[in-house]
Amino acid sequence: MDLQDAHGWLIDLLNEISVQFQKVPGSAIFLRYVKSSYQNDPVRSAVELFLFLFAVRYLLAPKYSTSKKSYVKLTDEEIDELVDEWVPEPLVAPQTAFEEAENEKRPVIVGPTGPKSKLANGRVVTNVASYNFYNLAGNETLKEKAIQTLRTYGVGPCGPPGFYGTQDVHQKTEADISAHLGTTACIVYAQAFSTISSVIPAFSKRGDIIVADKAVNFAIRKGMQISRSSIRWYEHNDMVDLQNVLASVVKEQAKKPLTRRFIITEGLFENVGDMVDLVKVVELRHRYKFRLILDETWSFGVLGRTGAGVTEHQGVSVKEVDMLVGSLAGPLCAGGGFCAGSSEIVEHQRLSASAYTFSAALPAMLATTASEVLAMLETNGEMLTLVRENIKTMWAQLDPRSEWVHCTSATENPIMILVLKAEVVASRKLSISDQEQLLQEMVDEALGNGVMMTRLKSMPRGIHVTAKEVGWELQPGLKVCLTLGLTRKEVERTGTVIRHAITKVMKAKR
């Protein structure tokens with residue numbers, strides 16, 4: 001066959017293929033599409049042809065087995081030997097001798113908690129170790145209201161709020177908190193600790209930026225960890241450093257895609273006791289365009305004319321705070337937590353906050369108790385006044401009169417945190433463990449004289465976590481919690497016992 005015959009045969013073959021293809025239904029439409037596509041956009045036709053060929057190649061590619069074993073098979077003896085040699089990583093660090101001794105001597109309260117508590121050994125002591133600021137733990141009105149609620153609603157709803165767990169008392173508590181704070185809306189959680197640790201990851205995600213105070217509490221740290229956001233720290237309550245960090249973040253992100261940015265701080269700091277400068281924080285958040293999450297776990301129910309928290313105390317509108325988080329336990333003697341803000345902020349959490357979505361709703365009697373205490377704070381300002389008077393009385397007995405310790409708490413904080421003075425720590429070269437040992441001896445000495453207080457404690461570091469990785473380390477201290485259940489003379493006597501216990505332990509350790 002010469003070249004001319006081959007050319008004729010090829011033409012006949014193409015004509016035959018064309019005739020047969022045109023007999024296929026829809027072939028005319030396909031040909032018209034290809035022709036118009038090629039004329040209008042030949043590059044597109046080339047890309048489509050490449051994708052078509054790739055699909056054909058993928059479908060015709062040989063299959064391979066994913067179960068094919070590509071590892072060395074071990075004998076039963078080798079497997080047993082490896083299992084015997086394997087040592088699992090401990091979930092927690094073993095207890096130290098100091099911790100074991102502390103647990104053995106830990107006092108146990110028998111019966112209800114109150115200003116005067118009975119211990120298992122039969123002694124009655126003055127209790128300044130619990131958060132019973134308004135002496136509500138034994139309030140008969142609250143007891144009766146809780147019993148009535150228990151008989152009406154039962155112990156608990158046994159379901160998440162979004163799945164038959166929400167009851168009318170929950171909605172009333174949310175409305176009461178919102179009205180008390182002056183916010184548009186509020187959402188109630190079943191546990192105080194999990195509130196802030198769920199609110200943060202509900203809004204801040206991977207790639208977002210959080211600027212936080214180095215002294216924020218453990219619940220906030222867990223929330224930031226869960227969020228997987230980029231964390232930037234600023235020195236505790238240092239507004240100049242906060243401004244520098246915010247300016248640095250804005251400069252770094254100037255040419256990057258827009259991300260969500262948050263400032264997270266506390267009203268009254270759990271680990272230090274002092275108060276945030278909210279006016280300055282609000283000014284900086286507006287200047288650098290950050291959202292603000294404020295944890296008022298220890299300031300809600302304590303600060304302000306009606307106990308509405310640091311916003312009321314410092315005259316800052318709640319509208320300046322995007323998410324205001326607080327606790328219904330502690331000062332309110334109920335349980336659970338809340339997040340108040342705009343309607344959009346609240347409704348987003350009902351589907352996106354893990355502790356709200358996957359946890360059983362707050363027991364009805366705790367919701368009722370919270371509402372009742374809020375009403376008491378609004379109508380009975382004497383409660384707040386009496387606690388603040390007792391705080392001043394205790395301050396007069398401890399902070400200016402002790403040569404060994406000073407109080408880091410704000411003067412309005414009913415939780416007084418007493419730490420060893422810097423010159424005492426430096427002169428005696430006391431390590432963190434040395435300070436904890438001395439403070440525990442002070443606690444034991446005071447208990448021996450009829451006053452039960454406690455130490456400031458935090459979650460221990462991870463097993464392989466260093467101080468540098470933590471970023472900020474808690475300074476050991478004593479924790480003294482004031483209550484209106486004690487008279488002025490009883491507070492003075494309690495302060496004298498604590499001061500003498502501190503002096504006795506420090507002089508004995510010269």
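**Salt bridges and their surroundings**

Tutor: Arginine 260 has a relative accessibility of 36%, so this residue counts as partly exposed; buried means under 20% relative accessible area, exposed over 50%, and partly exposed in between (1.4 Å probe, protein chains only). This is a predicted model, in which local features need pLDDT of at least 70 and side-chain atom pairs count only at pLDDT 80 or more, while totals for chains, interfaces and linings use all residues. Residues are numbered from 1 along each chain as its sequence is written, and side-chain values use heavy atoms, with hydrogens and water left out.

Side chains of opposite charge can pair when their charged atoms come close. Here a salt bridge is a side-chain nitrogen of Lys or Arg within 4 Å of a carboxyl oxygen of Asp or Glu. By this rule the model has 15 salt bridges.

One of them joins arginine 260 to aspartate 208, with 2.9 Å between the closest N and O atoms. This pair links distant parts of the chain, 52 residues apart: arginine 260 lies in the loop between helix H11 (239-252) and strand E7 (261-266), and aspartate 208 in the loop between helix H9 (192-203) and strand E5 (209-213). Helices (H or I, at least four residues) and strands (E, at least two) are DSSP runs, numbered from the N terminus. Aspartate 208 is buried, because its relative accessibility is 5%.

The loop between H11 and E7 also holds glutamine 253. At 13% relative accessibility, glutamine 253 is buried. Not counting residues up to four places away in sequence, glutamine 253 touches Ile209, Thr259 and Arg261, where contact means heavy atoms within 4.5 Å.

Helix H11 takes part in a further pair. Glutamate 252 forms a salt bridge with arginine 232, and the closest N and O atoms are 3.1 Å apart. Again distant parts of the chain are linked: glutamate 252 is in helix H11 and arginine 232 in strand E6 (residues 230-234), 20 residues apart. Both partners are partly exposed, glutamate 252 at 41% relative accessibility and arginine 232 at 27%.

In a salt bridge with an N to O distance of 3.5 Å, the side chains of glutamate 492 and arginine 488 meet. These two residues are four residues apart in helix H21, and therefore about one helical turn separates them. Glutamate 492, with a relative accessible area of 27%, is partly exposed, whereas arginine 488, at 55%, is exposed.

Two packed helices are described by the angle between their axes and the distance between the axes. Helix H19 (residues 432-448) meets helix H21 (residues 488-508) at an angle of about 130°, and their axes are 9 Å apart. H19 is therefore oblique to H21; angles under 35 degrees count as roughly parallel, over 145 as roughly antiparallel, 65 to 115 as roughly perpendicular and the rest as oblique. The axes are lines fitted to C-alpha atoms, for helices over the stretch in contact, and angles run from 0 to 180 degrees between N-to-C directions. H19 and H21 cross in a right-handed sense; a crossing is left-handed if the near helix is turned anticlockwise from the far one by less than a right angle, and right-handed if clockwise.

On the H19 side the contact involves Leu438, Glu441, Met442, Glu445 and Ala446, which meet Val497, Ala501, Ile502, Lys504, Val505 and Met506 of H21. Eight of the residues in this contact of H19 with H21 are nonpolar, none is polar and three are charged. In this division Ala, Val, Leu, Ile, Met, Phe, Trp, Tyr, Cys and Pro count as nonpolar, Asp, Glu, Lys and Arg as charged, and the others, Gly among them, as polar.

Two lysines call for a note on their backbone. Most residues other than glycine have a negative phi, and most peptide bonds are trans. Lysine 429, in the loop between helix H18 (422-428) and H19, has a positive phi of about 55° although it is not a glycine. Its relative accessibility of 73% makes lysine 429 exposed. Lysine 289, in the loop between helix H12 (278-288) and strand E8 (291-296), has a positive phi of about 60° and is not a glycine. Lysine 289 is exposed, at 69% relative accessible area.
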